[in-house]
Amino acid sequence: YKGPEMIIEIANDAILSSWGKTRDVIGKSIFTVLPEIASQGFDKILSDVYKTGKAFHSYEMPVTLIKNGKNELIYYSFIYQPQRNIKNEIEGVAVIANEVTPQAIYNKKIKESEENFRQLAELMPQLISNADENGRSFFYNQNWLNYSGLSFETLCTNGWKSTVHPDEVKEVRNRWQHSVSTGKDFEMELRLLNKSGEYKWHLSRA
């Protein structure tokens, strides 16, 4: 885009297709071609890049465009960077953008699924945790923190097995390794240390 009016100087077929426009947009202001983006804050972003010379990066940003008379939500990863002349003066803004709508929607669904799991885990009265195949835990629900009296960071660093009674640690490790190697469920009755320094019996399933 050239000048403070952001006149479209060059637009390849990929971006024109993503916009739902043809080559007759060349020579027009981006805000005339896509007036809906101004209300989404892109006028300020482009203006800031043009005035300050500081590039702007975005990852999977949602943009609503009007295509065929209908609003369509599209996701872009892009960079706006100042375009300079031979005198090193800013004369426009260069844009490199990738449409990543399918990927962004997929990532959004994964995030929503994870949030739903965490909400469910916090509502359950049991001690809930998540671990990788090596037994390194990366999630504990609030009941784990309440029971053990340990912080989330401590549990993640030391692992829930650090709260297991010493007499059962070896068997826990053996059963865990067997479960990982065979794909069979882990199930064991064991004692876990609480914040009062007492070991209480639990049925653990993983």
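Predicted model: local features only at pLDDT ≥ 70, side-chain atom pairs only at ≥ 80, totals over all residues.
Strands β6 and β7 (residues 199-205) run antiparallel and are joined by seven bridges.

The structure holds nine aromatic pairs. In one of them, the ring centres of Trp160 and Phe186 are 6.5 Å apart and the ring planes meet at 75°; because an angle over 60 degrees counts as edge-to-face, the pair is placed in that class. Trp160 sits in the loop between α6 (152-158) and α7 (166-182), while Phe186 sits in the loop between α7 and β6 (187-193). The two residues are 26 residues apart, and their pair links distant parts of the chain. Trp160 and Phe186 are both buried.

Other aromatic residues form a group. Phe42, Phe56, Phe78 and Tyr80 are linked by ring pairs into a cluster. A ring can also have a charged residue over its face: Lys161 lies over the face of Trp176, at 5.5 Å from the ring centre.

The next element is helix α4, which covers residues 101-123. How far apart should the ends of this helix be? At 1.5 Å a residue, its 23 residues should span 33 Å, and the C-alpha atoms at its ends are 33 Å apart, so the two values agree.

Which residues of α4 are buried? Among them are Thr101, Ala104 and Ala121. The cover over the buried residues of α4 includes the strands β1 (56-67), β2 (70-84), β3 (90-99) and β5 (137-140).

Thr101 can be followed in more detail. This residue lies in helix α4. Its relative accessible area is 12%, and because buried means under 20%, Thr101 counts as buried. Leaving aside residues up to four places away in sequence, Thr101 touches Leu73, Ile74 and Tyr75. The side chain of Thr101 also makes a polar contact with the side chain of Glu99, at 3.2 Å.

Key: Residues numbered from 1 in each chain as written. Heavy atoms only, no water. Helix = DSSP H or I, 4+ residues; strand = E, 2+ residues; numbered from the N terminus. Expected span 1.5 Å × (residues − 1). Buried < 20%, exposed > 50% of the residue type's maximum accessible area, 1.4 Å probe, protein only. Contact = heavy atoms within 4.5 Å. Phe/Tyr/Trp six-rings, centres within 6.5 Å; stacked < 30°, edge-to-face > 60°. Lys NZ or Arg CZ within 6 Å of the ring centre and 35° of its normal. Pairing = 2+ DSSP bridges. Polar contact = N/O pair within 3.5 Å; in protein donor to acceptor, adjacent residues only side chain to side chain.
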